[in-house]
Amino acid sequence: MCLECDGWTADEVRQSIDNLIDQYGWAVQYVEDPNLRRCFGYTVGLAKLGESEFLVRGLDMAETNRLLNGFATSVTRRHEHFDNGHTADGPDGRKLYFSTMHGATKFALGAYSRYGHGTRVLEIHFMDREVPPSTPALMFKSVSAPVGHGPVTGRKR
């Protein structure tokens with residue numbers, strides 16, 4: 001269940017996320033749906049540092065948190081930078097591909113409400129083989145247990 005579903009007020013949820021951002025530099029918000037393909041999660045807090053937020057779809061909450069916390073740690077602790085078209089090796093050997101997410105205001109609401117429309121969101125895609133030529137429709141599949149650690153916020157619907 002989500003924090004608000006558990007009786008938290010919107011202000012209490014926002015304060016909890018603010019506390020995680022203050023403590024770690026970011027928080028992860030997860031949007032749950034009975035259909036795993038419609039679930040997604042995203043970071044909140046990296047825009048405050050001048051970096052893009054990350055978003056991933058189709059993973060369960062634990063996998064989403066591990067993946068997003070791992071990349072947020074890379075940005076905040078190791079000062080790595082990710083951008084449109086960048087790739088990384090996935091934990092299961094598949095290539096990860098980062099693309100600027102157009103229309104992200106419909107997804108990363110928590111980030112946009114804090115940092116405005118200048119917020120950039122990079123969507124993480126899971127590729128089977130090589131990165132395809134630029135295309136608006138990239139295919140992705142769920143990935144098994146990526147590494148990472150960090151803050152976890154309650155789920156949202």
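Which residues of β6 lie on one side and which on the other, and are they buried or exposed? Val121, Glu123, His125 and Met127 lie on one side of β6 and Leu122, Ile124 and Phe126 on the other, and all of them are buried, where buried means under 20% relative accessible area, exposed over 50% and partly exposed in between, with a 1.4 Å probe and protein chains only. The structure is a predicted model, in which local features need pLDDT of at least 70 and side-chain atom pairs count only at pLDDT 80 or more, while totals for chains, interfaces and linings use all residues. Residues are numbered from 1 along each chain as its sequence is written, and side-chain values use heavy atoms, with hydrogens and water left out.

**View 1. Overview of the chain and its secondary structure.** The chain holds 3 helices and 7 strands, helices (H or I, at least four residues) and strands (E, at least two) being DSSP runs numbered from the N terminus. Read from the N terminus, the order of elements is α-β-β-β-α-β-β-α-β-β. Of the 157 residues, 45% count as buried, and the chain exposes about 8,300 Å², 50% of which is supplied by carbon and sulfur atoms; these accessible areas come from the Shrake-Rupley method with a 1.4 Å probe, and for residues only the protein chains shown count as cover. Among contacts with a separation of 6 or more, 60% are made by residues 24 or more positions apart, a contact being heavy atoms within 4.5 Å.

View 2. Strand β6 is mostly covered, with 7 of its 7 residues buried. On one flank, β3 and β6 run parallel and are joined by 3 bridges, two strands being paired if DSSP finds at least two bridges between them. Within this pairing Phe54 stands opposite Leu122, and Leu55 stands opposite Glu123. Strand β5 (residues 95-100) runs antiparallel to β6 and is joined to it by 6 bridges, with Met127 of β6 as the bridge partner of Lys95.

**View 3. Strand β3 and its antiparallel partner β2.** Of the 5 residues of β3, 4 are buried, and the strand is thus mostly covered. Strand β2 (residues 40-44) runs antiparallel to β3, with 3 bridges between the two; Val56 of β3 is the bridge partner of Gly41.

**View 4. The salt bridge between Arg57 and Glu123.** Side chains of opposite charge can pair when their charged atoms come close. The side chains of Arg57 and Glu123 meet in a salt bridge at 2.6 Å, N to O, a salt bridge being a side-chain nitrogen of Lys or Arg within 4 Å of a carboxyl oxygen of Asp or Glu. Because Arg57 lies in strand β3 (residues 53-57) and Glu123 in strand β6 (residues 121-127), the pair ties together parts that are 66 residues apart in sequence. Arg57 counts as partly exposed at 23% relative accessibility, whereas Glu123 counts as buried at 5%. By the same rule the count comes to 6 salt bridges.

**View 5. Salt bridges of Arg78 with Glu80 and of Arg120 with Asp83.** Arg78 forms a salt bridge with Glu80, their closest N and O atoms being 3.2 Å apart, and Glu80 is partly exposed, with a relative accessible area of 32%. The side chains of Arg120 and Asp83 also meet in a salt bridge, at 2.9 Å from N to O. Arg120 lies in the loop between α3 (109-115) and β6, and Asp83 in the loop between α2 (61-76) and β4 (87-89), so this pair ties together parts that are 37 residues apart in sequence. Both are partly exposed, Arg120 at 33% relative accessibility and Asp83 at 24%.

View 6. Helix α2 has 16 residues and reaches 22 Å from its first C-alpha to its last, close to the 22 Å expected at 1.5 Å a residue, where the expected span is 1.5 Å times one less than the number of residues. Because 13 of its 16 residues are buried, α2 is largely enclosed by the rest of the structure. Asp60 caps the N-terminal end of α2, with a side-chain oxygen 3.2 Å from the backbone nitrogen of Ala62.

View 7. Arg114 has its place in helix α3 and is buried, with a relative accessible area of 18%. Not counting residues up to four places away in sequence, Arg114 touches Arg14, Ile17, Asp18, Ile21 and Val44. The side chain of Arg114 reaches the backbone oxygen of Arg14 at 3.3 Å.

Terms used
A polar contact is a pair of N or O atoms within 3.5 Å; within protein, one must be able to donate a hydrogen and the other to accept it, and residues adjacent in sequence count only if both atoms are side-chain atoms.
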